Amino acid sequence: MLIAPSILNINNLDLIKDIQVAADAGITRFHIDIMDGHFVPNLSLGPQVVSDFKKAFPDLEAEVHLMSDNPDDLVPAFIKAGADLILLHYEAINEEDLSKWIAFLHASKVKVGLVLNPDTPVSVLAKYSALIDQVLIMTVYPGFGGQKFISESCSKIEEAKKIIGDNVPIEVDGGINDETAQLTKKAGAEIFVAGSYLFCQDSIPQQITKLRQSIDE
Ligand SMILES: O=C(CO)[C@@H](O)[C@H](O)COP(=O)(O)O
Ligand SMILES: [Co+2]
């Protein structure tokens with residue numbers, strides 16, 4: 001089980017401070033949400049944040065959630081910035097290009113995950129399960145932090161697990177808190193992205209402990 005905090009909802013001027021607090025609480029991977037204002041109706045961070053992150057925290061993993069339909073420019077930019085894993089949206093890239101980018105990422109020694117939006121059927125995973133390192137099931141519609149978990153996601157996770165088996169871990173993202181983490185874990189999730197639950201409360205270490213306890217139970 002792994003918690004990958006999303007830094008989206010951290011006050012941008014506090015990024016290094018809050019990441020350090022989470023790292024001191026034992027977090028080893030951070031989820032960096034990239035929104036392009038086109039595939040999703042919001043803008044967030046860019047490659048500079050990833051390279052600054054890797055300079056400041058070379059031992060921590062940077063997982064890039066690429067909410068963009070412009071892989072041609074952005075995938076190479078995030079590889080160069082030092083991303084350890086890049087999550088590509090199935091809905092944003094045609095299947096031929098998707099296969100090309102998966103191969104390109106592996107050739108560049110960067111791990112790759114496939115992201116499915118709430119309305120995308122899990123059946124599409126069948127042809128990718130042998131090619132990817134991770135699956136991300138969105139448990140909200142992408143574009144904003146702080147949204148409510150979509151409860152239908154649990155049956156979707158169970159279905160995805162049947163298709164991809166035990167070799168590819170399932171990650172969940174959106175509206176994750178101590179309750180929804182427990183529900184999605186029961187359904188088969190192993191990696192939990194949480195943003196506002198961790199960073200929009202009084203104590204980051206306390207929230208990490210609560211989330212950890214909920215998935216360790
Ligand atoms: O990708 C996204 C949203 O598009 C997520 O990573 C959220 O930013 C997570 O935030 P919370 O739902 O946990 O507040
Ligand atoms: Co995300």
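Student: In this predicted model, is Lys109 buried or exposed?

Tutor: Lys109 sits in the loop between helix H4 (95-107) and strand E5 (111-116), and the residue has a positive phi of about 60° although it is not a glycine. Because Lys109 has 8 other C-beta atoms within 10 Å, the residue is exposed.

Student: Which strands stand at the edges of the sheet?

Tutor: The eight strands form an open sheet with parallel pairing, in the order E1-E8-E7-E6-E5-E4-E3-E2. Each edge strand has a single partner strand, so one side of it is left without a neighbour in the sheet, and the strands in this position are E1 (2-5) and E2.

Student: What angle does the direction of helix H5 make with that of E6?

Tutor: Neighbouring strands of this sheet are turned by 25° against each other on average, direction ignored. Helix H5 (residues 153-164) packs on the sheet, where it touches strand E6 (134-138) and E7, and its direction makes with that of E6 an angle of about 160°.

Student: Which residues come nearest to ligand 1?

Tutor: Strand E2 (29-35), strand E8 (191-194) and helix H7 (196-199) each supply at least two residues of the shell around ligand 1, and that shell divides into eight nonpolar, 12 polar and two charged residues. Of the 22 residues around the ligand, those that come nearest are Ser6, Pro142, Gly145, Gly195 and Ser196.

Notes
Residues are numbered from 1 along each chain as its sequence is written. Chains are lettered from A and ligands numbered from 1 in the order in which they are written. This is a predicted model: local features need pLDDT of at least 70, side-chain atom pairs count only at pLDDT 80 or more; totals for chains, interfaces and linings use all residues. A residue is near a molecule or strand if its C-beta atom, placed from the backbone, lies within 6 Å of it. Helices (H or I, at least four residues) and strands (E, at least two) are DSSP runs, numbered from the N terminus. Ala, Val, Leu, Ile, Met, Phe, Trp, Tyr, Cys and Pro count as nonpolar, Asp, Glu, Lys and Arg as charged, and the others, Gly among them, as polar. A residue is buried if 20 or more other C-beta atoms lie within 10 Å of its own, exposed if 12 or fewer, and partly exposed in between; C-beta atoms are placed from the backbone. Two strands pair if DSSP finds at least two bridges between them. Axes are lines fitted to C-alpha atoms, for helices over the stretch in contact, and angles run from 0 to 180 degrees between N-to-C directions. Two residues are in contact if their C-beta atoms, placed from the backbone, lie within 7 Å.
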